[in-house]
Amino acid sequence: MRTLYLCRHAKSSWADPGQSDHARPLNERGLRDAPAMAHHFRGRGEPLDLIVSSDAARALATAKAFARELGIAGERFVLEPRLYHADVPTIGRVVAALPDSAQRVMLFGHNPGFSAAVEYFSSEDLGDLPTCALVRIDFVADGWQGTGRDLGTLVWHEYPKRLLGLE
């Protein structure tokens, strides 16, 4: 069994129009939502072996909020530049290359790739994932090479507006 969590980065700032897309930080809402979602995830009691994040500032800040809440550091926290605005084939290659020693992995990245990856892996169309949305997909597989199109089962998904009662 393999469990993949996909987390879209929290809400980012557009305050500095001259700033590169890669360097955009979280805005005030993102700084609220990322720790709230991380706290919610910890409360679910689902262990996590590895965090893999895009190296973009907003994804990295979101991943670090989860890492702090979950006590994940060192070699269990990995930057993966290929996740920056990755398309589905790239996300699939990143997932297939995950270490088999890690059975439960959380990826942090961007839309539209992450929304499309949910449908690719699980055949469930959740539409456009909101910022800081978190999705769990399970695979009946001995290793990450055994994951792919329609081989996963969407178990749950959550996002800040619903979690915080702001809908």
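**The aromatic rings and their surroundings**

Mentor: The charged end of Arg24 sits over the ring of Trp14, at 3.7 Å from the ring centre. For such a placement, CZ of Arg or NZ of Lys must be within 6 Å of the ring centre and within 35 degrees of the ring normal. The model is predicted, with local features needing pLDDT of at least 70 and side-chain atom pairs counting only at pLDDT 80 or more, while totals for chains, interfaces and linings use all residues. Residues are numbered from 1 along each chain as its sequence is written, and side-chain values use heavy atoms, with hydrogens and water left out.

A second ring that carries a charge over its face is Trp156, where Arg44 lies at 3.8 Å from the ring centre. Trp156 also has a ring partner. Rings of Phe, Tyr and Trp (for Trp, the six-membered ring) pair if their centres lie within 6.5 Å; planes under 30 degrees apart are stacked, those over 60 are edge-to-face, and the rest are tilted. By this rule there are seven aromatic pairs. One of them joins Phe41 and Trp156: the centres are 6.5 Å apart and the planes meet at 45°, so the pair is tilted. This pair links distant parts of the chain, since Phe41 belongs to helix H1 (residues 28–44) and Trp156 to strand E6 (residues 152–158), 115 residues apart. Helices here are DSSP runs of H or I with at least four residues, strands are runs of E with at least two, and both are numbered from the N terminus. Both Phe41 and Trp156 are buried, where buried means under 20% relative accessible area, exposed means over 50%, and partly exposed lies in between (1.4 Å probe, protein chains only).

Another pair, Phe121 and Phe139, is edge-to-face, with 5.5 Å from centre to centre and 85° between the planes. It too connects distant parts of the chain: Phe121 lies in helix H4 and Phe139 in strand E5, 18 residues apart. Phe121 and Phe139 are both buried.

H1 has 17 residues and reaches 25 Å from its first C-alpha to its last, close to the 24 Å expected at 1.5 Å a residue; the expected span is 1.5 Å times one less than the number of residues. Its buried residues are Gly30, Asp33, Ala34, Ala36, Met37, Ala38 and Phe41. They pack against E1, helix H2 (57–70), E4, E5, E6 and helix H5 (160–163), contact being heavy atoms within 4.5 Å.

The helix that holds Phe121 is H4. Seven of its 10 residues are buried, so H4 is largely enclosed by the rest of the structure. These are Gly113, Phe114, Ser115, Ala117, Val118, Phe121 and Ser122, and they pack against E1, H3, E4, E5 and E6. After H4 comes Ser123, whose phi is positive, near 60°.

A nonpolar core is a set of buried Ala, Val, Leu, Ile, Met, Phe, Trp, Tyr and Cys residues joined through side-chain atoms within 4.5 Å. The largest such core has 25 residues, of which Leu4, Leu6, Ile91, Val95, Val105, Leu107 and Phe121 touch the most other members. Strand E1 (2–8), strand E2 (50–53), helix H3 (88–96), strand E4 (104–109), helix H4 (113–122) and strand E5 (134–139) each give two or more residues to this core. H4 gives the most, with four residues. Leaving aside residues up to four places away in sequence, Val95 touches Leu4, Leu107, Phe121, Trp144 and Thr147. A second, separate core of 22 residues includes Leu26, Ala63, Ile72 and Phe77.

Finally, charged partners. Salt bridges (a side-chain nitrogen of Lys or Arg within 4 Å of a carboxyl oxygen of Asp or Glu) number 11 in the whole structure. One of them joins Arg104 and Glu46 at 3.4 Å, N to O. Arg104 is in strand E4 and Glu46 in the loop between H1 and E2, 58 residues apart. Both Arg104 and Glu46 are buried.
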